[in-house]
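Reader: I am new to reading protein models. Could you walk me through this one, feature by feature?

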Amino acid sequence: MSIKKVCLELTDACNLNCTMCYRHSWHEQTQHMPKLMVETILNQIEGIESIEEIVVGGIGEPSIHPQIIEVLKRLKPYKVSLTTNGVSLTAPIREAIVEHVDQLVISIDGLAQNFYEIRGIHLETVLEQVRLINELKKSKLNDSLQLIFQMVLSETNKEDVFGIIDLASKYGVSQLIISNILPVSLEDSALCLYALETNAYMNAYYNQIRTYAIGRGLAVRLSENRLKTERRCRFVDNDTLVINARGDIAPCYRFAHSGTEVVFGRLKTIQAHTFGNVLEAGLEKIWHSKAYTDYRHMVYNNHYPSCTDCDLVDGCDMVNDTYGDCYGNAPSCGDCLWVRNLVYCI
Ligand SMILES: C[S@@+](CC[C@H](N)C(=O)[O-])C[C@H]1O[C@@H](n2cnc3c(N)ncnc32)[C@H](O)[C@@H]1O
Ligand code: SF4
Ligand code: SF4
Ligand code: SF4
């Protein structure tokens with residue numbers, strides 16, 4: 001299998017400091033990807049025929065990277081998605097988005113009050129950007145750019161979903177992605193709406209969301225609201241790799257940075273796991289390395305234990321971090337909530 005999709009983290013720095021952000025659990029110094037590294041990666045991508053899709057995103061705010069416009073221009077031949085908080089989109093950046101991006105994913109985590117409390121800026125600031133982008137699309141007769149809203153659902157903002165659906169239909173948005181919160185601290189774990197067992201209240205609430213969205217012609221991608229048996233890693237299944245802002249190749253967002261996460265009330269240390277650096281070896285060489293190939297094979301075939309619903313989970317030291325599992329795999333995917341479709345990012 002060859003690389004089909006690349007998630008490119010141009011920066012892990014940000015112009016906001018949202019309350020729930022993964023970045024709160026990091027210890028590393030944040031950085032913009034250096035110019036030479038950006039150039040090297042773009043050259044490498046252009047040399048790999050199998051690559052179809054690029055997500056300019058990761059954990060950070062890509063629009064604040066000094067080369068954002070140049071990068072979007074170079075990536076024109078690919079299906080490009082850009083994830084953004086929508087705060088710092090200057091006129092030239094908006095122009096580049098409308099010209100070169102296929103999917104613009106904007107984070108909208110709540111209505112006025114909640115949005116401000118979570119993101120520290122006014123919702124109107126972001127909506128004004130959406131309005132300007134729509135205006136530009138219209139003036140350029142460009143129908144190819146799809147607008148998507150992404151919401152991190154939690155106890156804090158669950159009442160706002162319906163208002164966000166209204167906003168989405170008002171602003172010509174075609175899809176709303178709703179992911180659960182993956183808490184990075186025990187304090188935040190009280191905000192989770194999902195549970196181990198099925199929950200009648202949540203099922204009814206999800207049905208309400210679906211019905212409300214269908215009535216307004218909006219596609220909704222909803223994460224699960226309880227732990228289900230099925231495990232599919234969409235990074236591995238879709239032949240996707242993640243390049244973090246340091247140029248390290250990770251198999252997914254979860255392993256792109258070290259930090260913490262809380263899995264059903266258990267605080268867990270996440271140790272970044274990467275297979276090489278773009279400045280040391282090419283993307284293809286790293287992708288086809290034995291370690292990365294074996295790892296993808298293990299994940300694809302579900303050859304790893306399920307810690308999340310294991311009877312021994314409360315007494316097992318291995319679940320305190322991601323270093324390894326009881327099958328002998330390293331790192332451990334056994335407790336991953338992304339693979340259960342509880343957490344999602346485009
Ligand atoms: C990390 S951001 C990067 C792009 C951009 N800075 C933004 O906020 O849209 C990508 C997505 O991850 C979400 N996110 C951040 N922290 C999260 C968490 N703890 N659990 C679930 N999603 C989270 C954000 O809300 C956003 O929708
Ligand atoms: S804007 Fe995105 S990367 Fe920045 S703090 Fe908020 S969620 Fe995190
Ligand atoms: S690593 Fe521990 S918690 Fe996970 S499945 Fe094995 S015994 Fe259970
Ligand atoms: S299963 Fe989870 S931790 Fe493992 S590669 Fe997929 S997303 Fe990453």
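Reader: Where is aspartate 239 found?

Author: Aspartate 239 is found in the loop between helix 8 and strand 8 (240–243). Helices (H or I, at least four residues) and strands (E, at least two) are DSSP runs, numbered from the N terminus. Aspartate 239 has a positive phi of about 50°, although it is not a glycine. Before we go on, two notes on the model. This is a predicted model, in which local features need pLDDT of at least 70, side-chain atom pairs count only at pLDDT 80 or more, and totals for chains, interfaces and linings use all residues. Residues are numbered from 1 along each chain as its sequence is written, chains are lettered from A and ligands numbered from 1 in the order in which they are written, and side-chain values use heavy atoms, with hydrogens and water left out.

Reader: Which peptide bond is cis?

Author: The bond from alanine 330 to proline 331 is cis, with omega near 0°. You will find proline 331 in the segment after helix 10.

Reader: How many helices and strands does the chain have?

Author: There are 10 helices and 11 strands in the chain. For overall dimensions, look at the C-alpha atoms: along the principal axes they fill a box of roughly 60 × 50 × 35 Å. The radius of gyration is taken over C-alpha atoms, and the globule rule is 2.2 Å times the number of residues to the power 0.38. A compact globule of 346 residues would have a radius of gyration near 20 Å, and the chain agrees because its value is 20 Å.

Reader: What order do the strands of the open sheet have?

Author: The general idea comes first. Strands of a sheet pair through backbone hydrogen bonds, either parallel or antiparallel. Here two strands pair if DSSP finds at least two bridges between them. The open sheet has nine strands in the order 7-6-5-4-3-2-1-8-9, with mixed pairing. Its edge strands are strand 7 (219–222) and strand 9 (249–250), each pairing on one side only. For a close look, take strand 2 (residues 53–56) and strand 3 (residues 79–84): they run parallel and are joined by four bridges. Isoleucine 54 has valine 80 in strand 3 as its bridge partner.

Reader: How many cavities of 30 Å³ or more does the structure hold?

Author: Rolling a probe the size of a water molecule over the atoms shows where empty space is left. On a 1 Å grid over the protein atoms alone, a cavity is a set of points where a 1.4 Å probe fits but cannot get out, while a pocket is an open set with protein on both sides within 12 Å along at least five of seven lines; lining residues have an atom within 4 Å of a point. Grid points are joined across faces, edges and corners, and a volume is the space filled by probe spheres set on the points. The structure holds two such cavities of 30 Å³ or more. The largest cavity has about 530 Å³ of space. Among its 31 lining residues, the closest to the centre are Cys21, Tyr22, Gly58, Ser107 and Arg119. Strand 5 supplies the largest share of that lining, three residues.

Reader: Which ligand takes the space of the largest cavity?

Author: That is ligand 2. A molecule sits in a cavity or pocket if more than half of its atoms lie within 2 Å of its grid points. Around ligand 2 are Cys14, Leu16, Asn17, Cys18, Cys21, Arg23, Gly60, Asn85 and Arg119; a residue is near a molecule or strand if one of its heavy atoms lies within 4 Å of it. This shell divides into four nonpolar, three polar and two charged residues. In these classes Ala, Val, Leu, Ile, Met, Phe, Trp, Tyr, Cys and Pro count as nonpolar, Asp, Glu, Lys and Arg as charged, and the others, Gly among them, as polar.

Reader: What is the volume of the largest pocket?

Author: The largest pocket has a volume of about 330 Å³. Of its 25 lining residues, Arg232, Cys233, Trp338, Val339 and Arg340 are the closest to its centre. Helix 8 gives the most to this lining, with three residues. Ligand 4 takes the space of the largest pocket, and its shell has eight nonpolar, no polar and one charged residues.
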